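Work through the exercises below with the sequence and the structure side by side. Try each task before reading its solution.

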Amino acid sequence: YRLKESANRISVGDPGIADVRLLGNREIYILGKKTGSTNISIWQDGTKIQVLDVAVGADTVSLQHLL
């Protein structure tokens with residue numbers, strides 16, 4: 001996920017649902033671990049916090065191609 005502003009810290013509400021990593025000051029990597037929903041908090045410019053709501057689900061398109 002590419003950010004419009006630089007970030008210096010991130011966290012995930014439920015690490016059982018997703019894992020996040022700050023790859024650079026404007027890019028984060030999100031890995032879905034199991035079905036569910038959580039949020040990701042992104043600290044920007046010291047005091048500004050952006051919150052992303054994340055829903056992790058099954059990739060049904062790939063499953064349809066396999067069938």
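**Exercise 1: the sheet**

Five bridges link β1 to strand β4 (residues 36-44), and the two run antiparallel. The model is predicted: local features need pLDDT of at least 70, side-chain atom pairs count only at pLDDT 80 or more, and totals for chains, interfaces and linings use all residues. Residues are numbered from 1 along each chain as its sequence is written, and side-chain values use heavy atoms, with hydrogens and water left out.

Task: find the order of the strands in the open sheet.

Solution. Strands (E, at least two residues) are DSSP runs numbered from the N terminus, and two of them pair if DSSP finds at least two bridges between them.
- Step 1: Ile-10 has Ile-42 in β4 as its bridge partner.
- Step 2: the order is β1-β4-β5, with antiparallel pairing.
- Step 3: β1 (7-12) and β5 (48-56) each have a single partner strand, so one side of each lacks a neighbour in the sheet.

**Exercise 2: Ala-7**

Task: decide whether Ala-7 is buried or exposed, and list what it touches.

Solution. Buried means under 20% relative accessible area, exposed over 50%, and partly exposed in between (1.4 Å probe, protein chains only).
- Step 1: Ala-7 lies in strand β1.
- Step 2: its relative accessible area is 9%, so Ala-7 is buried.
- Step 3: leaving out residues up to four places away in sequence, Ala-7 touches Leu-22, Asn-25, Ile-42, Trp-43 and Gln-44; contact means heavy atoms within 4.5 Å.
- Step 4: Asn-25 is 18 residues from Ala-7 along the chain, yet their C-alpha atoms are separated by 5.0 Å.

Definitions and conventions
Helices (H or I, at least four residues) and strands (E, at least two) are DSSP runs, numbered from the N terminus.
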